[in-house]
Amino acid sequence: MRVTVVGGGVVGTMHAWQAIERGHEVVQIEREAEARGASLRNFGQIWVSGRAGGEELETALRARELWEGIGGRVAKLGFRATGSLTPVRTELELAVAEAAVARPDAAARGYKLLTPGEARAVNPALRGEFSAALFCERDAAVEPRTAQLALREELRKSPKYTFLPGREVREVVGTGAVRDDHGDVHHADAVVLATGAWLGGLVRELAGPGLPVRRVRLQMMQTDPLPTSVADGDSFRYYPAYASKALAALNAGQPQPETAAAHKMQLLMVQRADGGLTIGDTHEYEHPFAFDTVEEPYEHLTGVVEHLLGRPLPRVRHRWAGVYAQCTDTSRVVHRQQVADGVWLVTGPGGRGMTCSPAIAETTANELGW
């Protein structure tokens, strides 16, 4: 079987991985020299803890299993079974954490409620004041800026894999056949369009104007080395796993600070392989997106981090913005649609892309009978 994958980000690369693992021939086409979008501009977090119960959690847990297996083969992925800590500072936040550990799927997530002393034993960098911490044992991390390169290096060991960078697919010219902007036609039994946040051009032409996917912009930053990996209580407001009466009470009784509310913020903080911290993030949904990054969110995040760490934040060495594609029905893990004979569009995982991509690709392969 021959498979053409359009898109060099993590979703596309995991589709290529699945096809190669199943013995098929793969041509992967990327319009840039390498992927430059959300697959590189994220936390690199394999984030199980906040996922909605049911299909989303099952997808995340399966993806976590697949990531660990791939990480055992590809050391340069930097897979680390870090777990995560969400310190809580108020009684309302504590009630949300207690509701989380009472969930019927809490054991599957590896939830535990820790005392401050127990949390500092897990992560000694947390020197600030907090009353407890929600621990999620199943969370993990990889290195987002180099993961695609590491996966590609491993894929290239197979004579059945070809990577074609610097080419944009312009049209479908037959069943399972696409033409790129070099004029070359690529024939396959199946084409997967994993184009990320690129939703115009060929994608709009094939899927039509009613594609139930939107673009979301975020801001993030990275510091000099400091060992830690945590979330804050605002993450309870953002992730569906924490929906409860306690969360409703938190939202009513403890509104977010003005800056956090205006930019739809939470704190996630993941340690990189070099010890630096990737810190974020904001969420912007209305087009057109701003072209600049603004300082108020960074100042807010810095204050929250310094409170939890009990020390000044190390020097910030990178700031960036990114855009990802998200299903407008946010309960859906991904949008998977046949858009032409032999051609499928797979997009819209939102902030779940890095976490869930191995399982998303596995599901595509199973459904298409690879």
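The buried residues of α6 are covered by several elements, including α1 (10-21), β2 (25-30), α2 (55-73), β8 (161-165) and α12 (353-367). Helices (H or I, at least four residues) and strands (E, at least two) are DSSP runs, numbered from the N terminus. The model is predicted: local features need pLDDT of at least 70, side-chain atom pairs count only at pLDDT 80 or more, and totals for chains, interfaces and linings use all residues. Residues are numbered from 1 along each chain as its sequence is written, and side-chain values use heavy atoms, with hydrogens and water left out.

Helix α6 itself spans residues 144-155, twelve in number. From its first C-alpha to its last it reaches 17 Å, close to the 16 Å expected at 1.5 Å a residue, where the expected span is 1.5 Å times one less than the number of residues. Its buried residues are P144, A147, Q148, A150, L151, R152, E154 and L155. Buried means under 20% relative accessible area, exposed over 50%, and partly exposed in between (1.4 Å probe, protein chains only).

## Packing of helix α1

Helix α1 packs against α6 at an angle of about 20 degrees, with the axes 11 Å apart. Axes are lines fitted to C-alpha atoms, for helices over the stretch in contact, and angles run from 0 to 180 degrees between N-to-C directions. The two helices are therefore roughly parallel; angles under 35 degrees count as roughly parallel, over 145 as roughly antiparallel, 65 to 115 as roughly perpendicular and the rest as oblique. In this contact (heavy atoms within 4.5 Å), V10, T13, M14, A16, W17 and I20 of α1 meet Q148, L151, R152, E154 and L155 of α6. By class, seven of these residues are nonpolar, two polar and two charged. Ala, Val, Leu, Ile, Met, Phe, Trp, Tyr, Cys and Pro count as nonpolar, Asp, Glu, Lys and Arg as charged, and the others, Gly among them, as polar.

Helix α1 also packs against α2, at an angle of about 75 degrees and with the axes 14 Å apart. This makes α1 roughly perpendicular to α2. V10, M14, W17 and E21 of α1 and W67, I70 and R73 of α2 make the contact, which divides into five nonpolar, no polar and two charged residues.

## Crossing of α2 and α12

The axes of α2 and α12 come within 7 Å and cross at roughly 90 degrees, so α2 is roughly perpendicular to α12. On the α2 side the contact involves T59, A60, R62, A63, L66 and W67, and on the α12 side M354, T355, C356, S357, P358, A359 and E362. Eight of the contact residues are nonpolar, three polar and two charged.

## Features in the loops

Most residues other than glycine have a negative phi, and most peptide bonds are trans. K264, in the loop between α10 (258-262) and β15 (268-271), has a positive phi near 50 degrees. With a relative accessible area of 42%, K264 is partly exposed. Two cis peptide bonds are found, from G280 to D281, with omega near 0 degrees, and from H287 to P288, with omega near -5 degrees. D281 lies in the loop between β16 (276-280) and α11 (295-309), and P288 is placed in the loop between β16 and α11.

D181 belongs to the loop between β10 (177-180) and β11 (185-187) and is partly exposed, at 35% relative accessibility. Not counting residues up to four places away in sequence, D181 touches G166, R167, E168 and R170.
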